[in-house]
Amino acid sequence: MTESSPSMSADPIRVMVVDDSAVVRGLLTRILESTSDISVVSSVTNGQVALNTLERNKNIDVIILDIEMPVMDGLTALPKLVKIDPDIKIIMASTLTKRNAEISIRALQAGATDYIPKPSSPREISGGGDFRRSILEKVQAIGATRRKRSGRLPPSRVLPKNVPLPKPAQKDAIVLRQPSREKPDILAIGSSTGGPQALFNFLKGVKRSSLSIPVVITQHMPATFTAILAEHITRMTDWPCREAKDGDPLVAGEILLAPGDFHMVVESKGAGKVVRLNQGPPENFCRPAVDPLFRSVSKAFGGRVLAVVLTGMGSDGQKGAAVIVENGGTVISQDEKSSVVWGMPAAVANAGLCSVVLPLDGLSSYVMRIAGRVAK
(Lines give C-alpha, C1' and ligand atoms only; values in the text may rest on other atoms or scores of the structure.)
Protein backbone atom coordinates (compact mmCIF):
# COMPACT_ATOMS: atom_id res chain seq x y z
CA MET A 1 0.00 0.00 0.00
CA THR A 2 1.45 3.38 -0.91
CA GLU A 3 0.85 6.89 0.36
CA SER A 4 -0.85 7.79 -2.91
CA SER A 5 -3.55 5.17 -2.41
CA PRO A 6 -6.90 6.87 -1.87
CA SER A 7 -7.64 4.56 1.09
CA MET A 8 -4.34 5.30 2.84
CA SER A 9 -4.40 7.34 6.03
CA ALA A 10 -3.01 10.84 5.57
CA ASP A 11 -0.85 10.39 8.66
CA PRO A 12 -0.78 6.73 9.75
CA ILE A 13 0.50 5.42 13.07
CA ARG A 14 4.20 4.78 12.45
CA VAL A 15 5.53 1.44 13.66
CA MET A 16 8.98 -0.14 13.92
CA VAL A 17 9.09 -3.96 14.03
CA VAL A 18 12.13 -5.47 15.78
CA ASP A 19 12.60 -9.24 15.38
CA ASP A 20 15.56 -11.39 14.31
CA SER A 21 13.33 -13.54 12.07
CA ALA A 22 12.82 -12.08 8.59
CA VAL A 23 9.77 -14.29 8.16
CA VAL A 24 8.14 -12.99 11.35
CA ARG A 25 8.97 -9.38 10.48
CA GLY A 26 7.37 -9.84 7.07
CA LEU A 27 4.24 -11.43 8.48
CA LEU A 28 3.86 -8.74 11.16
CA THR A 29 4.30 -6.04 8.56
CA ARG A 30 1.58 -7.53 6.36
CA ILE A 31 -0.84 -7.74 9.30
CA LEU A 32 -0.15 -4.18 10.44
CA GLU A 33 -0.38 -2.66 6.98
CA SER A 34 -3.65 -4.47 6.24
CA THR A 35 -5.34 -1.45 7.82
CA SER A 36 -5.00 2.04 6.37
CA ASP A 37 -4.12 3.82 9.62
CA ILE A 38 -0.87 1.92 10.34
CA SER A 39 2.41 2.11 8.44
CA VAL A 40 5.52 0.03 9.21
CA VAL A 41 8.29 2.57 8.67
CA SER A 42 11.15 0.34 9.80
CA SER A 43 11.79 -3.40 10.13
CA VAL A 44 15.04 -4.34 11.88
CA THR A 45 16.84 -7.41 13.21
CA ASN A 46 17.91 -6.62 16.79
CA GLY A 47 17.89 -4.11 19.63
CA GLN A 48 21.07 -2.32 18.57
CA VAL A 49 19.75 -1.60 15.09
CA ALA A 50 16.49 -0.44 16.69
CA LEU A 51 18.43 2.06 18.82
CA ASN A 52 20.27 3.40 15.80
CA THR A 53 17.01 3.69 13.86
CA LEU A 54 15.18 5.53 16.65
CA GLU A 55 18.09 7.97 17.00
CA ARG A 56 17.64 8.89 13.34
CA ASN A 57 13.83 8.80 13.25
CA LYS A 58 12.08 10.43 16.21
CA ASN A 59 8.67 10.20 14.49
CA ILE A 60 8.09 6.53 15.32
CA ASP A 61 4.95 6.04 17.43
CA VAL A 62 5.02 2.36 18.39
CA ILE A 63 7.75 -0.29 18.55
CA ILE A 64 6.98 -4.02 18.52
CA LEU A 65 10.02 -5.48 20.27
CA ASP A 66 10.96 -9.16 20.30
CA ILE A 67 12.57 -10.45 23.51
CA GLU A 68 15.09 -13.01 22.27
CA MET A 69 17.49 -11.61 19.63
CA PRO A 70 21.24 -11.74 18.94
CA VAL A 71 23.55 -8.73 19.40
CA MET A 72 21.08 -6.98 21.74
CA ASP A 73 17.94 -8.57 23.16
CA GLY A 74 14.66 -6.78 23.79
CA LEU A 75 14.98 -6.39 27.56
CA THR A 76 18.43 -4.81 27.18
CA ALA A 77 17.26 -2.49 24.42
CA LEU A 78 14.07 -1.40 26.20
CA PRO A 79 15.46 1.17 28.67
CA LYS A 80 17.82 2.52 26.02
CA LEU A 81 14.91 3.09 23.62
CA VAL A 82 12.90 4.81 26.36
CA LYS A 83 15.89 7.04 27.13
CA ILE A 84 16.01 8.19 23.49
CA ASP A 85 12.25 8.86 23.44
CA PRO A 86 10.54 8.78 26.88
CA ASP A 87 7.09 8.86 25.26
CA ILE A 88 7.67 6.01 22.82
CA LYS A 89 5.13 3.17 23.08
CA ILE A 90 6.74 -0.28 23.17
CA ILE A 91 4.89 -3.58 22.85
CA MET A 92 6.95 -6.59 23.90
CA ALA A 93 6.46 -9.70 21.75
CA SER A 94 7.29 -13.11 23.16
CA THR A 95 6.34 -16.75 22.85
CA LEU A 96 4.27 -18.22 25.69
CA THR A 97 6.91 -19.65 28.01
CA LYS A 98 7.23 -19.12 31.76
CA ARG A 99 10.63 -17.47 31.24
CA ASN A 100 9.31 -15.06 28.63
CA ALA A 101 6.25 -14.29 30.76
CA GLU A 102 8.59 -13.32 33.60
CA ILE A 103 10.67 -11.15 31.25
CA SER A 104 7.53 -9.50 29.86
CA ILE A 105 6.32 -8.52 33.34
CA ARG A 106 9.78 -7.13 34.13
CA ALA A 107 9.68 -5.21 30.85
CA LEU A 108 6.37 -3.60 31.81
CA GLN A 109 7.99 -2.43 35.04
CA ALA A 110 10.93 -1.07 33.04
CA GLY A 111 8.82 1.08 30.71
CA ALA A 112 7.15 -1.17 28.14
CA THR A 113 3.56 -0.19 27.40
CA ASP A 114 2.11 -3.63 26.71
CA TYR A 115 2.96 -7.14 25.57
CA ILE A 116 1.67 -9.55 22.95
CA PRO A 117 1.99 -13.33 23.22
CA LYS A 118 3.54 -14.36 19.92
CA PRO A 119 2.30 -17.58 18.30
CA SER A 120 4.90 -20.31 18.32
CA SER A 121 5.24 -20.50 14.53
CA PRO A 122 5.05 -18.13 11.53
CA ARG A 123 2.20 -20.27 10.20
CA GLU A 124 0.11 -19.43 13.29
CA ILE A 125 0.90 -15.71 12.90
CA SER A 126 -0.10 -15.72 9.24
CA GLY A 127 -3.31 -17.54 10.10
CA GLY A 128 -4.79 -14.33 11.48
CA GLY A 129 -7.62 -14.79 13.95
CA ASP A 130 -7.14 -13.67 17.54
CA PHE A 131 -3.49 -12.71 17.10
CA ARG A 132 -4.22 -10.46 14.13
CA ARG A 133 -7.13 -8.74 15.89
CA SER A 134 -5.17 -8.33 19.12
CA ILE A 135 -2.07 -6.76 17.60
CA LEU A 136 -4.05 -4.38 15.38
CA GLU A 137 -6.20 -3.25 18.33
CA LYS A 138 -3.18 -2.73 20.56
CA VAL A 139 -1.21 -0.72 18.00
CA GLN A 140 -4.23 1.41 17.06
CA ALA A 141 -5.19 2.16 20.69
CA ILE A 142 -1.66 2.76 21.97
CA GLY A 143 -0.69 4.73 18.87
CA ALA A 144 -3.76 6.94 19.26
CA THR A 145 -2.80 7.66 22.88
CA ARG A 146 0.73 8.60 21.83
CA ARG A 147 -0.63 10.99 19.18
CA LYS A 148 -3.11 12.63 21.53
CA ARG A 149 -0.52 13.29 24.21
CA SER A 150 1.93 14.70 21.69
CA GLY A 151 -0.73 17.02 20.29
CA ARG A 152 -1.06 15.20 16.96
CA LEU A 153 -4.40 14.36 15.42
CA PRO A 154 -5.53 10.74 15.08
CA PRO A 155 -5.01 9.10 11.68
CA SER A 156 -7.40 10.45 9.06
CA ARG A 157 -8.14 9.05 5.65
CA VAL A 158 -7.25 11.04 2.56
CA LEU A 159 -10.42 12.72 1.31
CA PRO A 160 -11.14 14.06 -2.16
CA LYS A 161 -10.86 17.80 -2.64
CA ASN A 162 -13.79 19.96 -1.53
CA VAL A 163 -15.02 17.32 0.94
CA PRO A 164 -15.28 18.97 4.36
CA LEU A 165 -13.61 17.28 7.33
CA PRO A 166 -16.04 15.89 9.92
CA LYS A 167 -16.45 18.03 13.03
CA PRO A 168 -14.94 16.52 16.19
CA ALA A 169 -17.45 15.03 18.58
CA GLN A 170 -18.32 17.15 21.58
CA LYS A 171 -16.98 15.68 24.82
CA ASP A 172 -19.66 15.68 27.50
CA ALA A 173 -18.73 16.32 31.12
CA ILE A 174 -18.55 13.18 33.26
CA VAL A 175 -21.50 12.93 35.67
CA LEU A 176 -20.57 11.36 39.02
CA ARG A 177 -22.94 9.48 41.29
CA GLN A 178 -23.08 9.12 45.06
CA PRO A 179 -21.20 6.10 46.46
CA SER A 180 -22.99 3.36 48.35
CA ARG A 181 -23.84 4.08 51.98
CA GLU A 182 -22.84 0.52 52.85
CA LYS A 183 -19.24 -0.28 53.72
CA PRO A 184 -17.85 -2.64 51.07
CA ASP A 185 -17.20 -6.29 51.89
CA ILE A 186 -15.23 -6.94 48.68
CA LEU A 187 -12.91 -5.03 46.35
CA ALA A 188 -13.22 -6.11 42.70
CA ILE A 189 -10.73 -4.80 40.11
CA GLY A 190 -10.73 -4.97 36.32
CA SER A 191 -7.78 -3.98 34.12
CA SER A 192 -6.23 -4.58 30.71
CA THR A 193 -3.64 -2.65 28.65
CA GLY A 194 -1.20 -1.04 31.09
CA GLY A 195 -2.87 -2.96 33.89
CA PRO A 196 0.09 -4.73 35.53
CA GLN A 197 1.95 -1.51 36.33
CA ALA A 198 -1.31 0.19 37.35
CA LEU A 199 -2.10 -2.71 39.69
CA PHE A 200 1.34 -2.51 41.30
CA ASN A 201 1.01 1.22 41.93
CA PHE A 202 -2.62 1.11 43.03
CA LEU A 203 -2.15 -1.79 45.46
CA LYS A 204 0.96 -0.22 47.00
CA GLY A 205 -1.32 2.57 48.19
CA VAL A 206 -4.04 0.25 49.50
CA LYS A 207 -2.72 -0.96 52.84
CA ARG A 208 -3.67 -4.52 53.66
CA SER A 209 -3.32 -3.89 57.40
CA SER A 210 -6.19 -1.39 57.20
CA LEU A 211 -8.42 -3.18 54.67
CA SER A 212 -10.01 -6.33 56.09
CA ILE A 213 -11.84 -7.47 52.94
CA PRO A 214 -10.98 -9.89 50.11
CA VAL A 215 -9.80 -8.63 46.73
CA VAL A 216 -10.52 -10.20 43.34
CA ILE A 217 -8.85 -9.12 40.09
CA THR A 218 -9.49 -9.81 36.42
CA GLN A 219 -6.58 -8.66 34.25
CA HIS A 220 -6.74 -9.43 30.53
CA MET A 221 -3.79 -11.79 30.24
CA PRO A 222 -3.04 -15.22 28.79
CA ALA A 223 -2.30 -18.37 30.75
CA THR A 224 1.28 -18.52 32.07
CA PHE A 225 1.38 -14.73 32.40
CA THR A 226 -1.26 -14.54 35.17
CA ALA A 227 0.67 -16.81 37.54
CA ILE A 228 3.77 -14.64 37.07
CA LEU A 229 1.72 -11.46 37.59
CA ALA A 230 0.38 -12.84 40.88
CA GLU A 231 3.94 -13.50 42.06
CA HIS A 232 4.98 -9.94 41.18
CA ILE A 233 1.99 -8.43 43.02
CA THR A 234 2.98 -10.43 46.11
CA ARG A 235 6.59 -9.24 45.88
CA MET A 236 5.85 -5.58 45.13
CA THR A 237 2.97 -4.93 47.54
CA ASP A 238 2.03 -6.11 51.02
CA TRP A 239 -0.82 -8.19 49.55
CA PRO A 240 -0.49 -11.97 49.16
CA CYS A 241 -1.79 -12.74 45.68
CA ARG A 242 -2.22 -16.00 43.82
CA GLU A 243 -3.82 -17.30 40.69
CA ALA A 244 -7.30 -18.54 41.64
CA LYS A 245 -8.31 -22.20 41.61
CA ASP A 246 -11.90 -23.37 41.26
CA GLY A 247 -13.57 -23.44 44.66
CA ASP A 248 -11.06 -21.19 46.44
CA PRO A 249 -12.71 -19.36 49.35
CA LEU A 250 -12.55 -15.57 49.55
CA VAL A 251 -10.34 -14.57 52.47
CA ALA A 252 -10.01 -11.06 53.91
CA GLY A 253 -6.58 -9.60 53.21
CA GLU A 254 -5.83 -11.88 50.25
CA ILE A 255 -6.03 -11.38 46.47
CA LEU A 256 -7.30 -13.93 43.99
CA LEU A 257 -6.38 -13.29 40.34
CA ALA A 258 -8.36 -14.77 37.44
CA PRO A 259 -6.16 -17.28 35.58
CA GLY A 260 -5.57 -16.81 31.88
CA ASP A 261 -8.22 -18.37 29.61
CA PHE A 262 -10.76 -18.73 32.47
CA HIS A 263 -13.56 -16.43 33.55
CA MET A 264 -13.60 -16.02 37.33
CA VAL A 265 -16.89 -15.50 39.17
CA VAL A 266 -17.88 -15.33 42.84
CA GLU A 267 -20.59 -17.52 44.37
CA SER A 268 -22.12 -17.85 47.82
CA LYS A 269 -21.43 -21.16 49.57
CA GLY A 270 -23.08 -21.50 52.92
CA ALA A 271 -22.00 -18.57 55.08
CA GLY A 272 -18.96 -17.88 52.90
CA LYS A 273 -18.04 -17.01 49.35
CA VAL A 274 -15.94 -18.95 46.83
CA VAL A 275 -14.66 -18.35 43.31
CA ARG A 276 -15.63 -20.50 40.38
CA LEU A 277 -13.71 -20.77 37.12
CA ASN A 278 -15.25 -21.51 33.76
CA GLN A 279 -14.38 -21.46 30.08
CA GLY A 280 -17.64 -19.99 28.89
CA PRO A 281 -17.63 -17.96 25.67
CA PRO A 282 -15.32 -14.90 25.65
CA GLU A 283 -17.02 -11.62 26.49
CA ASN A 284 -15.78 -8.47 24.78
CA PHE A 285 -13.34 -10.82 22.96
CA CYS A 286 -11.77 -11.62 26.35
CA ARG A 287 -11.42 -14.63 28.63
CA PRO A 288 -10.98 -13.83 31.45
CA ALA A 289 -13.36 -10.88 31.18
CA VAL A 290 -14.27 -8.25 33.76
CA ASP A 291 -18.04 -8.23 33.15
CA PRO A 292 -18.68 -11.77 34.49
CA LEU A 293 -16.68 -10.99 37.64
CA PHE A 294 -18.53 -7.72 38.27
CA ARG A 295 -21.94 -9.30 37.72
CA SER A 296 -21.14 -12.13 40.10
CA VAL A 297 -19.81 -9.99 42.96
CA SER A 298 -22.90 -7.82 42.70
CA LYS A 299 -25.13 -10.90 42.98
CA ALA A 300 -23.12 -12.25 45.92
CA PHE A 301 -22.61 -9.02 47.89
CA GLY A 302 -25.41 -6.67 46.78
CA GLY A 303 -24.62 -3.06 47.67
CA ARG A 304 -21.48 -4.00 49.61
CA VAL A 305 -19.26 -3.99 46.49
CA LEU A 306 -16.48 -1.56 45.62
CA ALA A 307 -15.35 -2.00 42.01
CA VAL A 308 -12.32 -0.36 40.41
CA VAL A 309 -11.80 -0.08 36.64
CA LEU A 310 -8.20 0.56 35.63
CA THR A 311 -6.48 1.31 32.31
CA GLY A 312 -7.39 -0.83 29.31
CA MET A 313 -8.74 -0.96 25.77
CA GLY A 314 -12.38 -1.45 24.90
CA SER A 315 -15.36 -1.37 27.24
CA ASP A 316 -15.11 -4.61 29.23
CA GLY A 317 -16.49 -3.94 32.70
CA GLN A 318 -19.10 -1.38 31.70
CA LYS A 319 -22.06 -3.77 31.66
CA GLY A 320 -20.98 -5.40 34.90
CA ALA A 321 -20.44 -1.99 36.49
CA ALA A 322 -24.00 -1.04 35.54
CA VAL A 323 -25.25 -4.09 37.45
CA ILE A 324 -23.15 -3.14 40.47
CA VAL A 325 -24.54 0.40 40.73
CA GLU A 326 -28.08 -0.84 40.02
CA ASN A 327 -27.75 -3.08 43.07
CA GLY A 328 -26.40 -0.26 45.24
CA GLY A 329 -22.63 -0.81 44.95
CA THR A 330 -19.87 1.69 44.14
CA VAL A 331 -17.74 1.93 40.99
CA ILE A 332 -14.63 4.11 40.60
CA SER A 333 -12.23 4.45 37.67
CA GLN A 334 -8.78 5.60 36.67
CA ASP A 335 -8.51 9.00 34.97
CA GLU A 336 -7.40 9.58 31.39
CA LYS A 337 -4.07 11.24 32.13
CA SER A 338 -2.70 8.34 34.19
CA SER A 339 -4.10 5.56 31.95
CA VAL A 340 -2.03 3.89 29.24
CA VAL A 341 -5.27 3.55 27.25
CA TRP A 342 -8.42 5.27 28.48
CA GLY A 343 -10.90 2.77 27.11
CA MET A 344 -12.38 0.64 29.89
CA PRO A 345 -12.31 3.39 32.53
CA ALA A 346 -13.73 5.88 30.00
CA ALA A 347 -16.61 3.51 29.22
CA VAL A 348 -17.79 3.37 32.84
CA ALA A 349 -17.07 7.05 33.49
CA ASN A 350 -18.89 8.32 30.40
CA ALA A 351 -21.85 6.07 31.21
CA GLY A 352 -22.31 7.91 34.51
CA LEU A 353 -21.50 4.84 36.62
CA CYS A 354 -18.59 6.23 38.66
CA SER A 355 -18.45 7.91 42.04
CA VAL A 356 -14.95 9.25 41.36
CA VAL A 357 -12.51 9.34 38.43
CA LEU A 358 -8.97 9.78 39.75
CA PRO A 359 -5.28 9.00 39.12
CA LEU A 360 -3.93 5.87 40.79
CA ASP A 361 -2.79 7.48 44.04
CA GLY A 362 -6.16 9.19 44.36
CA LEU A 363 -7.98 5.91 43.80
CA SER A 364 -5.90 4.22 46.52
CA SER A 365 -6.67 7.01 48.98
CA TYR A 366 -10.37 6.86 48.12
CA VAL A 367 -10.49 3.10 48.71
CA MET A 368 -8.76 3.50 52.06
CA ARG A 369 -11.16 6.24 53.05
CA ILE A 370 -14.39 4.39 52.31
CA ALA A 371 -13.33 0.78 52.89
CA GLY A 372 -10.39 0.87 55.29
CA ARG A 373 -10.18 1.22 59.04
CA VAL A 374 -8.92 4.79 58.87
CA ALA A 375 -10.43 8.06 60.04
CA LYS A 376 -12.77 9.66 57.54
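Aspartate 261 is partly exposed, with 34% relative accessible area; here buried stands for under 20%, exposed for over 50%, and partly exposed for what lies in between (1.4 Å probe, protein chains only). This is a predicted model, in which local features need pLDDT of at least 70 and side-chain atom pairs count only at pLDDT 80 or more, while totals for chains, interfaces and linings use all residues. Residues are numbered from 1 along each chain as its sequence is written, and side-chain values use heavy atoms, leaving out hydrogens and water.

**Salt bridges**

Aspartate 261 meets arginine 287 in a salt bridge, 2.9 Å from N to O; the term asks for a side-chain nitrogen of Lys or Arg within 4 Å of a carboxyl oxygen of Asp or Glu. Arginine 287 sits in the loop between strand 11 (272–278) and helix 9 (290–301), and aspartate 261 in the loop between strand 9 (255–257) and strand 10 (263–269), so the pair ties together parts 26 residues apart in sequence. Helices (H or I, at least four residues) and strands (E, at least two) are DSSP runs, numbered from the N terminus. Arginine 287 is partly exposed too, at 25% relative accessibility.

By this rule the count comes to 17 salt bridges. Here are some of them:

| Pair | Closest N and O atoms |
|---|---|
| Aspartate 19 and lysine 118 | 2.8 Å |
| Glutamate 68 and arginine 99 | 2.9 Å |

Aspartate 19 forms a salt bridge with lysine 118. This pair links distant parts of the chain, 99 residues apart: aspartate 19 is in the loop between strand 1 (13–18) and helix 1 (22–32), and lysine 118 in strand 5 (residues 114–118). Aspartate 19 is buried at 2%, and lysine 118 counts as buried at 12%.

**Helix 1 and helix 6**

The axes of helix 1 and helix 6 (residues 129–149) come within 10 Å and cross at roughly 70 degrees. Axes are lines fitted to C-alpha atoms, for helices over the stretch in contact, with angles from 0 to 180 degrees between N-to-C directions. The two helices are therefore roughly perpendicular to each other, a label for angles of 65 to 115 degrees. Leu28, Ile31 and Leu32 of helix 1 make the contact with Phe131, Arg132, Ile135, Leu136 and Val139 of helix 6, where contact means heavy atoms within 4.5 Å.

Notes
Parallel < 35°, antiparallel > 145°, perpendicular 65-115°, else oblique.
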